[in-house]
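Welcome, and thanks for opening the viewer. Let's walk from one selection to the next and see what is there.

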Amino acid sequence: MSAPESESDAAGLMESLFPGARLIVAANRAPYRLVSGVHGESHWERPAGGLTAALDPLMQRFGGVWVAAQSGDGQELDVPPEDPTYQVEVLGVPAETYRAYYNGYSNGGLWPLCHNLVERAHFRPSDWHSYRQVNHMFATQIARVARTEDVVFLHDYQLALVPGYLRSLGHTGPIAHFWHIPWPPTVVLRLLPERRLLLQGLLEADWLGFQTEDSVDSFASAARKELGARILRDADGVRLLYEGRLTQVAAVPISIDTERIEEIARDPLTEGRIHKLRSRLGLHDSALMLGVDRLDYTKGIPARLDGFARLLARYPSLHGRVRFVQIGVPTRTEIQDYRRLASAVRRRVAEINRRFRTPGWLPVRLVERNLRLDQLVALYRLADVAVVSSLYDGLNLVAKEYVAARVDGGGALCLSETAGAYHELRDAFPLSPLSPERIAEGLARAIFATEEERERRMERLRAAVAANTIHTWLGRVLRGLRSAAPQLSGENATPV
Ligand code: G6P
């Protein structure tokens with residue numbers, strides 16, 4: 001069977017491969033949060049970040065349960081709030097434990113290490129203790145909710161020990177785990193004191209997914225070097241044999257709900273929003289360059305702004321003719337590195353504006369809040385150039401969203417060569433993210449490209465995004481999991 005093209009194909013595939021199964025997703029972050037105000041009133045919040053944005057449409061289509069965690073009290077929610085189709089069970093974790101698991105081990109240790117920013121990573125034994133505790137809480141809750149025939153689908157670096165804990169709690173059903181961020185090269189992984197335990201935990205899953213072949217190769221090589229796992233290659237790809245258990249490992253880049261974004265982009269309401277935004281941003285005869293990121297040091301925002309400043313310095317003809325809007329969503333603000341980054345970005349913006357502004361023209365605008373998808377899509381439609389210059393990025397779904405939103409065939413994408421999405425989106429204008437000079441060159445190429453070149457590139461980018469939607473992705477995950485679980489014998493596979 002070929003890859004599913006639409007959500008109904010993916011739903012049919014789920015039913016035929018796993019009859020009667022529910023999807024039990026677990027990820028640290030819940031896709032919705034009900035927040036109580038000081039006067040007892042409450043409102044819904046949607047977090048920023050590719051993981052929740054990508055998986056929420058799937059859960060809306062398939063139903064099931066999403067297990068997440070937060071500091072303090074737990075919550076049980078029926079979501080989406082306007083028309084509930086699935087449940088969110090948020091584990092309440094004591095504040096100190098959550099801080100050590102989330103700010104400490106996950107985001108102060110694994111996150112920078114996996115993005116190869118080794119000097120930022122620290123691994124404290126007390127953080128590790130909390131990481132284990134919270135992973136165990138997740139496993140206990142999933143074991144309570146999931147029946148053997150259900151599909152348990154775990155996500156990301158915060159939950160590496162959950163597959164192992166689930167097995168030790170007696171869960172025998174199929175487990176898939178998707179690692180959304182890069183898997184580091186073995187020499188970098190060696191800086192992680194608990195690497196063997198993490199590898200062992202992950203290898204209790206039946207199917208492990210990564211965004212790129214590089215990550216698959218690094219993971220397989222780490223499993224072999226650190227644990228002595230055997231690497232088996234066959235027509236189905238790579239399988240790892242460790243202590244009698246086989247785990248299928250695959251590169252399956254995640255995607256977005258393309259149909260939904262195109263629908264919003266074509267909605268007449270979007271035209272109205274574009275019109276308003278154009279006048280609010282003063283874009284009457286100037287071009288718009290756009291960055292959309294969480295304020296994370298992996299996203300390369302300071303060098304990007306420096307690159308924009310160099311572009312202005314080199315091309316005075318652009319003064320008054322181009323504006324840069326950076327959406328910078330506050331994130332992980334309890335961690336000092338993140339607060340420092342946010343200050344550095346604000347400083348850069350102020351410096352550039354001081355240096356280049358003229359009456360009636362402010363070159364850069366920083367918007368420090370999360371936008372709704374319909375607002376983002378209007379901005380994407382308006383942006384002549386979208387700039388993604390991550391130092392490292394598992395994938396980067398903003399790049400795909402921008403392309404999907406360009407139903408008019410216009411726009412240009414500048415994309416870092418070190419973002420996972422670059423493998424699929426080779427027709428973007430490439431950016432070398434560390435060097436402001438190179439970034440300025442990349443931006444100039446995009447903004448001065450002929451209309452034909454921009455259209456040709458965008459047409460190919462749109463074809464690439466259409467070829468792998470979030471439903472195609474889920475289809476590949478389900479097929480991989482079906483072939484991997486229940487345990488295969490390892491016959492027909494060639495050890496290397
Ligand atoms: C990245 C990670 C996700 C995470 C998201 C937002 O996309 O891969 O696991 O949820 O960032 O970060 P946060 O810490 O706010 O959940």
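Start by selecting Arg-266, which is exposed at a relative accessible area of 52% (exposed means over 50%, buried under 20%, partly exposed in between, with a 1.4 Å probe and protein chains only). A salt bridge here is a side-chain nitrogen of Lys or Arg within 4 Å of a carboxyl oxygen of Asp or Glu. Both residues lie in helix H9, four residues apart, about one turn of the helix. Helices (H or I, at least four residues) are DSSP runs, numbered from the N terminus.

This is a predicted model, where local features need pLDDT of at least 70 and side-chain atom pairs count only at pLDDT 80 or more, while totals for chains, interfaces and linings use all residues. Residues are numbered from 1 along each chain as its sequence is written, and side-chain values use heavy atoms, leaving out hydrogens and water.

Stay in H9 (residues 258–266) and pick Glu-263 and Arg-260, three residues apart. They form a salt bridge with the closest N and O atoms 3.1 Å apart. Glu-263 is exposed at 52%, whereas Arg-260 is partly exposed at 39%.

Next, go to helix H15 (residues 436–448), where Arg-438 and Glu-441 sit three residues apart. Their side chains meet in a salt bridge of 3.6 Å, N to O. Arg-438 is partly exposed at 47%, and Glu-441 is partly exposed at 36%.

The structure holds 36 salt bridges.

How values were computed
Helices (H or I, at least four residues) and strands (E, at least two) are DSSP runs, numbered from the N terminus.
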